Amino acid sequence: MLKGKHIILGITGSIAAYKSAVLCRLLVSAGAEVKVVMTPLAKQFITPLTMATLSKNPILVDFFNPENGEWNSHVSLGEWADCYLIAPATANTIAKMASGVADNLLLTTYLSARCKVAIAPAMDLDMYAHVATQRNLAQLKADGVYVIEPGAGELASGLVGKGRMAEPQDIVSEVEALFDEKKKSLQGKSFLVTAGATIEPIDPVRFISNHSSGKMGYALAESLAARGAKVWLVSGRTALDVPAGVERVDVLSAEQMCEACCELWPKCDGAVMCAAVADYTPAVVAEQKIKKGDGDMSIALKRTRDIAATLGKEKGSRLLVGFAMETENEMTNAVSKLQRKNMDFIVLNSLRQAGAGFRGDTNVVSLIDAESRVDLPLMSKREVADKIVDKMESILEEKN
Ligand code: C5P
């Protein structure tokens, strides 16, 4: 996809600049020709020599070469490029881009670039969450800049939150997707994906949950976003990073997940219900840690709301996809769920199949709708996600 493409890699003054070396290498290995532009501060984080060696081109930082007075033409650079990727993009550079400030070569190149522009923000969580940064990002999106969402996790400051630059491999996938028009087939559509296990509190320290890792749902969110869809990923607790281009809504209990989904549903063209939602929750959550006694104990449980069925009742012309994980009577149970929850199709995964189910990176599934059943072979969860999204796309086409 990137073979022969001209990419300007812009690097700004963030600690995440160390990842730009790997990013540059990945772009070059994918066949792209890369020229690197750095802000003066970026040189403090990664040396021009490193970037020149990896990109196989001289590094551009200043408007002109002080030794011989030769100008670095931001205009011809902007014309040369098929894509201008700024990674990492600091809050400062984002703010300047949003308001058209042009006080360094990286910014003048932005104002001259006629190509696709993508930025991968990197900053501390408070700076990222600040209303000013969010306003600037919204402005850049409105200006047609593609924003590669930062991940959540440990930041250089030691704080934990959203602001960590997306991983180089994910950035490359996003840039590839920018060039792949086929993958943009869901541009303008919005989807809700539920993922992971819910957590039902018993008391302040204990809970009921299950083995779901969230990997299948995260792969689905990634696949939908790669095709240009807006994706809300309503997620129970997982150790996974938010896929690029996806907005995660964190929840814990089934009730919280249900509330988040009901709020988002009117804005969506479809939903994939991939979460392993608890069917029962403690009837009463003890305020204090429950003390052990000599005898046995039991906990009264009450039913949770069925999120898929709740959305199914208010479905209208939207698309609803569910999952069924069965240990017996797989087909009968899956078809009954499909009907009961008003789904367009259901993805059946059997715990009996090797390579299927919880935690692993592969799955073996069947796609079942009212008329047909397609059994897919063992695939990675990301490949399974692509097959599910292919089917969603063809149903959406039929519906229109
Ligand atoms: O009825 P069962 O839990 O087996 O159905 C599985 C499907 O329903 C999955 O798509 C799951 O995400 C969804 N579900 C839900 N809310 C629940 C229970 C299941 O959305 N409370």
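In this predicted model, the shell around the ligand comprises, by class, six nonpolar, two polar and five charged residues. Of the 13 residues around the ligand, those that come nearest are Met273, Ala275, Phe323, Lys337 and Lys341.

| Residue | Protein atom | Ligand atom | Distance |
|---|---|---|---|
| Arg305 | backbone N or O | nitrogen | 2.9 Å |
| Lys337 | side-chain N or O | oxygen | 2.4 Å |
| Lys341 | polar side-chain atom | oxygen | 2.8 Å |

The ligand taken alone exposes 440 Å², of which the protein buries 87%. Two or more residues of the shell come from each of the elements α11 (307-313) and β16 (319-326).

Strand β16 also belongs to an open sheet of eight strands, which follow one another in the order β12-β11-β8-β13-β16-β17-β19-β20 with mixed pairing. At the edges stand β12 (246-250) and β20 (373-375), each of which pairs on one side only, and neighbouring strands of the sheet are turned against each other by 20° on average, direction ignored. Within this arrangement, β8 (residues 190-195) and β11 (residues 230-235) run parallel and are joined by six bridges, with Ser190 standing opposite Lys230 in β11.

Helix α12 (residues 330-340), for its part, lies across β16, β17 (345-350), β19 (365-369) and β20, and runs at about 150° to β17.

Key: Residues numbered from 1 in each chain as written. Predicted model: local features only at pLDDT ≥ 70, side-chain atom pairs only at ≥ 80, totals over all residues. Heavy atoms only, no water. Near = heavy atom within 4 Å. Polar contact = N/O pair within 3.5 Å; in protein donor to acceptor, adjacent residues only side chain to side chain. Areas by Shrake-Rupley, 256 points an atom, 1.4 Å probe, with all protein chains shown as cover. Helix = DSSP H or I, 4+ residues; strand = E, 2+ residues; numbered from the N terminus. Nonpolar A, V, L, I, M, F, W, Y, C, P; charged D, E, K, R; others polar. Pairing = 2+ DSSP bridges. Axes fitted to C-alpha atoms, helices over the stretch in contact; angles between N-to-C directions. Contact = heavy atoms within 4.5 Å.
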